[in-house]
Amino acid sequence: MMNKRLGAWGEDVALDYLEKKGLTLLARNYRTREGEVDLVMQTNTTLVLVEVKTRSRTDSGYPEEAVTEEKLEHLSAAAEKFLEAHPEFVDDWRVDVVAIIGKPGRNAPQVEWYQNVG
């Protein structure tokens, strides 16, 4: 339960961060049989599928290290499902990762945004 709360908080932090960078939210926790996309966003005409990884500390590694090739494959498969319903993005989409280190109610979290990782 603690991990779920931390993950939800991390998604809130990532959403706020990306909206301040000019992206617009289209969907949150978009689920398919192939996988889930944490945040589906848009910047200009580009569809941005965002995987959010949150860690309260780095003892067991940095959050971005948890985005494996397998996870990227699931994200791409989920993206294909989204694109079937939204063909206007078919030629202009990417996968980003937002890595967050911190805890709710503590100091400002550390946020790293990795663009076009997949």
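User: Which residue takes a positive phi in the hairpin of β1 and β2?
Analyst: Gly-35 does, with a phi near 160°. The model is predicted. Four residues lie between the two strands of this hairpin.

User: What makes β1 and β2 count as paired strands?
Analyst: Pairing needs at least two bridges between the strands. Six bridges join β1 to β2, which covers residues 36-43. Six meets the cut-off of two, so the strands count as paired. The two run antiparallel.

User: Which residues of β2 are bridge partners of Thr-24 and Tyr-30?
Analyst: Thr-24 has Gln-42 as its bridge partner. Tyr-30 has Val-37. Ala-27 also has a residue opposite, Val-40 in β2.

User: How do you know that β2 and β3 pair?
Analyst: Count the bridges against the cut-off of at least two. Five bridges link β2 to β3, residues 46-55, so they count as a pair. Their sense is antiparallel. Leu-39, for instance, stands opposite Val-50 in β3.

User: What lies between β2 and β3 in their hairpin?
Analyst: Two residues lie there. Asn-44 in the turn has a positive phi of about 55°.

User: In what order do the five strands of the open sheet stand?
Analyst: The order is β1-β2-β3-β4-β5, and the pairing is mixed.

User: Why are β1 and β5 said to stand at the edges?
Analyst: Each has a single partner strand, so one side of each is left without a neighbour in the sheet. β1 spans 24-31, and β5 spans 110-114. From one strand to the next, the twist averages 25°.

User: Why is β2 called largely enclosed by the rest of the structure?
Analyst: Six of its eight residues are buried, so β2 is largely enclosed. Buried here means under 20% relative accessible area.

User: Why does Glu-11 count as buried?
Analyst: Its relative accessibility is 10%. The cut-off is under 20%, so Glu-11 is buried. Its place is in helix α1, residues 2-20.

User: What makes the link between the side chains of Glu-11 and Arg-28 a polar contact?
Analyst: The limit for such a pair of N or O atoms is 3.5 Å. The two side chains are joined at 3.4 Å, so the pair is within the limit.

User: Which residues is Glu-11 in contact with, leaving aside its neighbours within four places in sequence?
Analyst: They are Arg-28, Asn-29, Asp-38, Leu-39 and Val-52. Contact here requires heavy atoms within 4.5 Å.

User: What volume does the largest pocket have?
Analyst: The volume is about 300 Å³. The lining has 14 residues, and Glu-11 is one of those closest to the pocket centre, along with Gly-7, Ala-8, Asn-29 and Asp-38. The elements that give two or more residues to the lining are α1, β1, β2 and β3. The largest share comes from β3, with five residues.

User: Is Thr-46 buried or exposed?
Analyst: Thr-46 is buried, as 13% relative accessible area is under 20%. This residue lies in strand β3.

User: How do you know that Thr-46 and Asp-92 are joined by a polar contact?
Analyst: Their side chains are joined at 3.0 Å, and the limit is 3.5 Å, so the pair qualifies. The two residues are 46 apart in sequence. Their C-alpha atoms are 5.1 Å apart in space. Beyond residues up to four places away, Thr-46 touches Met-41, Phe-89, Asp-92, Trp-93 and Arg-94.

User: How many residues apart are Thr-58 and Gly-102 in sequence?
Analyst: They are 44 residues apart in sequence. In space they are 9.6 Å apart, C-alpha to C-alpha.

User: What does the side chain of Thr-32 reach?
Analyst: The side chain reaches the backbone nitrogen of Glu-34 at 3.1 Å. Thr-32 is found in the loop between β1 and β2. Leaving aside neighbours within four places, Thr-32 is in contact with Ala-78 and Lys-81.

How values were computed
Residues numbered from 1 in each chain as written. Predicted model: local features only at pLDDT ≥ 70, side-chain atom pairs only at ≥ 80, totals over all residues. Heavy atoms only, no water. Axes fitted to C-alpha atoms, helices over the stretch in contact; angles between N-to-C directions. Buried < 20%, exposed > 50% of the residue type's maximum accessible area, 1.4 Å probe, protein only. Polar contact = N/O pair within 3.5 Å; in protein donor to acceptor, adjacent residues only side chain to side chain. 1 Å grid on protein atoms, 1.4 Å probe; cavity = no way out; pocket = protein on both sides within 12 Å on 5 of 7 lines; lining within 4 Å. Points joined across faces, edges and corners; volume = space filled by probe spheres on them.
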